[in-house]
Each structure stands twice: as C-alpha cells, then as structure tokens.
Amino acid sequence: MKLYSYYRSSAAYRVRIALHFKGIEFEQQAVNLLQQQEEKAAYRAVNPQKMVPVLEHDGQVFFQSMAILEYLEEVFPDKPLLPQDPAEKARVRALANIIACDIHPLNNLRVLRYLSEHYAADEKAGAEWYRHWIEQGFTAFEQHLASGPVGRYCQGDIPGMADILLIPQIYNARRFAVEMSRFPLIEQIEKACLALPPFIAAAPENQPDAIG
C-alpha cells in the first residue's frame with residue numbers, strides 16, 4: 001500500500017491517522033506542495049486533480065480523503081472509525097463534514113494562492129481569511145460537542161472519524177494563531193487524541209518529508 005502525501009496536508013494527515021489507527025502498513029511517497037510537485041506530469045498521471053492524498057492498494061488508485069477513509073473502513077473493518085448505531089454514525093459523519101466540507105476547502109493552499117494571485121491578498125489578509133473560516137466552523141463544532149454525548153472524544157470514549165478529521169484542522173488552526181481557548185471541548189479532545197500512538201505517528205513533524 002502506498003500513500004502519496006505531504007506532511008502538512010491536513011487531508012493526507014487524516015488518512016495517515018486512519019492507517020495507523022487500523023494498524024495498516026504503508027509506504028509514503030512525498031509530494032511537496034510548496035514546490036508544486038503536484039503540477040508535474042508524473043503526478044498528474046496519478047491524480048489529474050493534482051491534490052493529495054492518493055492511496056494505491058491492490059492495483060487500484062483511490063483519491064479524495066473522505067472516500068479513502070470510507071474505503072479503509074470497509075476493507076479493514078477492525079478498529080472501526082464509525083459507530084454501529086445509524087444515528088451515531090450520522091452524527092460522526094456530520095461532524096467530520098464540518099471540517100471536510102465547510103472549513104478545509106476554503107483554506108486549501110490552492111485557494112490561498114488564488115486569493116494572492118488574483119485579488120492581491122497579502123500574507124496578513126490570507127491569514128485573516130484562514131482564521132475566519134476555522135473560527136466559524138469551530139464555533140459550530142464546539143456547540144455540537146456540547147449538545148452531544150459526554151466523553152473523551154467526539155462521540156463518547158472511543159476515537160473515530162470525527163476525531164481523525166478534527167486533529168489535523170486543529171494543527172492548522174494553531175499554525176495560523178487561532179485562539180483555541182475559545183473552544184475548550186475541542187481542546188480537551190485534542191489533548192486526548194495527541195496522547196494516542198496513531199495520532200503521534202501521523203503527526204506532520206514525524207513524517208519523512210517533514211522540514212525543520
């Protein structure tokens with residue numbers, strides 16, 4: 001199994017957590033987004049969308065992190081990422097999608113580049129844009145946590161897909177100086193997750209392509 005990844009890509013980060021969580025061995029192929037290696041013809045042949053992550057397994061190529069997570073859940077059902085109860089499963093997916101659909105796409109590197117190149121957004125403006133969408137999404141996420149089941153993680157006392165999406169987004173929030181004390185429940189989940197070996201192994205600073 002091969003994962004095309006970039007150490008600071010939050011989408012790749014979530015897949016790395018899931019792979020480690022399920023105990024699946026994999027090799028990594030680094031794609032440096034800052035050097036725009038995703039634009040190279042060799043990588044466009046792997047993923048015409050020119051994004052990471054991409055997972056190769058059993059001669060097939062899988063793209064889009066959420067689809068990859070669902071694939072891993074179905075092919076490797078041990079240590080499930082989703083609860084069995086339909087209502088609980090829907091809640092976990094909804095929490096995950098706050099990150100995957102409402103926060104992350106607006107803060108993707110290619111969006112920030114577009115704002116800079118076409119709307120003259122300088123570094124300060126880009127950072128303000130980034131923080132705005134994280135803070136808006138985290139405000140809703142925190143409220144959903146407050147109204148849900150009490151536990152160490154997003155859905156009770158077992159980590160799952162929502163936590164796997166949340167932790168990389170918190171990493172990005174801290175990079176862009178979001179005031180995380182506004183979100184105490186999210187911070188509690190972060191502390192619990194970052195003590196677990198799969199989350200430690202998947203952390204950006206622990207990847208082979210990590211820079212400094």
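## Strand pairing

In this predicted model, strand β1 (residues 2-5) and strand β3 (residues 54-57) run antiparallel and are joined by three bridges. L3 has L55 of β3 as its bridge partner.

The pairing of β3 with strand β4 (residues 60-63) is antiparallel and spans four bridges. These two strands, β3 and β4, form a hairpin with two residues between them. In the turn, D58 has a positive phi of about 55°.

## Backbone exceptions in the loops

Most residues other than glycine have a negative phi, and most peptide bonds are trans. The bond from V52 to P53 is cis, with omega near 10°. P53 lies in the loop between α2 (41-46) and β3.

Q36 has a positive phi, near 55°, and is placed in the loop between β2 (27-30) and α2. With a relative accessible area of 35%, Q36 is partly exposed. Q64 also has a positive phi, near 70°, and is found in the loop between β4 and α3 (65-75). The relative accessibility of Q64 is 41%, so Q64 counts as partly exposed.

## Packing of α6 against α8

Helix α6 (residues 123-147) and helix α8 (residues 184-193) have axes that come within 8 Å and cross at roughly 80°. Because of this angle, α6 is roughly perpendicular to α8. From α6, the contact is made by F138, F141, E142, L145 and A146; from α8, by P184, L185, I186 and I189. Eight of the contact residues are nonpolar, none is polar and one is charged.

Notes
Residues are numbered from 1 along each chain as its sequence is written. This is a predicted model: local features need pLDDT of at least 70, side-chain atom pairs count only at pLDDT 80 or more; totals for chains, interfaces and linings use all residues. Side-chain values use heavy atoms; hydrogens and water are left out. Axes are lines fitted to C-alpha atoms, for helices over the stretch in contact, and angles run from 0 to 180 degrees between N-to-C directions. Angles under 35 degrees count as roughly parallel, over 145 as roughly antiparallel, 65 to 115 as roughly perpendicular and the rest as oblique. Contact means heavy atoms within 4.5 Å. Ala, Val, Leu, Ile, Met, Phe, Trp, Tyr, Cys and Pro count as nonpolar, Asp, Glu, Lys and Arg as charged, and the others, Gly among them, as polar. Two strands pair if DSSP finds at least two bridges between them. Buried means under 20% relative accessible area, exposed over 50%, partly exposed in between (1.4 Å probe, protein chains only).
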